[in-house]
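Biologist: I would like a close look at a single part of this model. Please take me through it step by step.

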Amino acid sequence: MNVHVSAPADKRHSIDPAFARDAVRGLSAEHKSLPPKYFYDERGSDLFEKITRLPEYYPTRTELSILQERGDEIVAAMPKDAALVEFGAGSTAKARLLLAHRRIAAYVPVDISGAFLTRQAEALKNDLPHLAVHPVIADFTHPFMLPREVASLPKAGFFPGSTIGNFEPEDACAFLTIARHILGPGATFIVGVDLEKDDRTLQAAYNDEAGITSRFNKNVLFRINCELDGDFDISRFSHRAIYNRAAHRIEMHLVSLAPQTVHLLGHDIAFRAGESIHTESSYKYSVAHFQELARCAGWMPDKVWTDARRMFSVHALRA
Ligand code: AVI
């Protein structure tokens, strides 16, 4: 499809062309969708941070407990004196649990947000002066170069948070393949993966009582209004998260509460009452199913750690 984007003259300077193209394309499709990466501006990242502390949202605290309790075994599964390469390093809180074991020689946080990354790296250097820290500003879903300072060190990748679950399975396989090439032969990859479980626990985690997930979901419309000069009436959309068991995924949607037309960059986007925008999929895996995905990407499943209730898993893969 050819997407034509015309911005009003006074907005032209501030529009991100990739966001404009993805928004127009996704909202003009028969089944409307928006890529989940657009949740995460400052406000969205702040809302996500709040989600991780909600009583219903079990993944973050469960993964932290696994890293805390099994950190020594997880670090022992890595090559000795490795460079730990974190793909999409958010707060570094999880990496710190591994770095505390002092068997890791260098830390390479990789993130698109340069300012945030530099602040985190400085704080880490202060707290762990023995550790070499070499941040890389890059989109970790595309091939990037590791810093030459870690060229001679063995590598361990780290991808916590079940962010892998937000990729479509074929994109997850492509990402795991890219990561294997970046990390190179002999590397280990530590990946956090949310596990399949009962519908009630899953639905509650994405439909919290305080309504934070709803605000997080609607943030993408807020951004379209602010950054792309859209005119969404956000109060006329409702948050919906359902578990699609056949597809093994939580689906987040924004559902139009009435027939309405939204205007965006010269396009009229018509909604029927009840029509939805699919904004995120969060795939849930069994241990065996994730190991199969890893094998498809050329990794050898090595070890796996789960919590006692088998809510979440941390995998060690070998190149
Ligand atoms: C970042 N990611 C792993 C979260 C998830 O659970 O899929 C994003 C999220 N969406 C709603 N709540 C949290």
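Biologist: Which residue's side chain makes a polar contact with the side chain of Ser282 at 3.2 Å?

Modeller: Tyr206 does, side chain to side chain. A polar contact is a pair of N or O atoms within 3.5 Å; within protein, one must be able to donate a hydrogen and the other to accept it, and residues adjacent in sequence count only if both atoms are side-chain atoms.

First, some ground rules. This is a predicted model, numbered from 1 along each chain as its sequence is written, where local features need pLDDT of at least 70 and side-chain atom pairs count only at pLDDT 80 or more, while totals for chains, interfaces and linings use all residues. Side-chain values use heavy atoms, without hydrogens or water.

Now back to Ser282. This serine sits in strand E11, residues 276-283. Helices (H or I, at least four residues) and strands (E, at least two) are DSSP runs, numbered from the N terminus. Ser282 counts as buried because its relative accessibility is 6%. The cut-offs are under 20% relative accessible area for buried, over 50% for exposed, and partly exposed in between (1.4 Å probe, protein chains only).

The Ser282 side chain also makes a polar contact with the side chain of Lys284, at 3.0 Å. Leaving out residues up to four places away in sequence, Ser282 touches Gly165, Asn166, Tyr206, His248, Arg249 and Ile250. Contact here means heavy atoms within 4.5 Å.

Next comes the ligand. There are 13 residues around the ligand, and Tyr57, Asn166, Tyr206, Glu280 and Ser282 come nearest. A residue is near a molecule if one of its heavy atoms lies within 4 Å of it. Ser282 has a polar side-chain atom 2.7 Å from a ligand oxygen. For Tyr206, the distance to a ligand oxygen is 2.5 Å. Asn166 places a polar side-chain atom 2.8 Å from a ligand nitrogen. Alone, the ligand exposes 340 Å², and the protein buries 96% of that. These areas come from the Shrake-Rupley method with a 1.4 Å probe; for residues, only the protein chains shown count as cover. E11, H2 and H8 each give at least two residues to the shell around the ligand.
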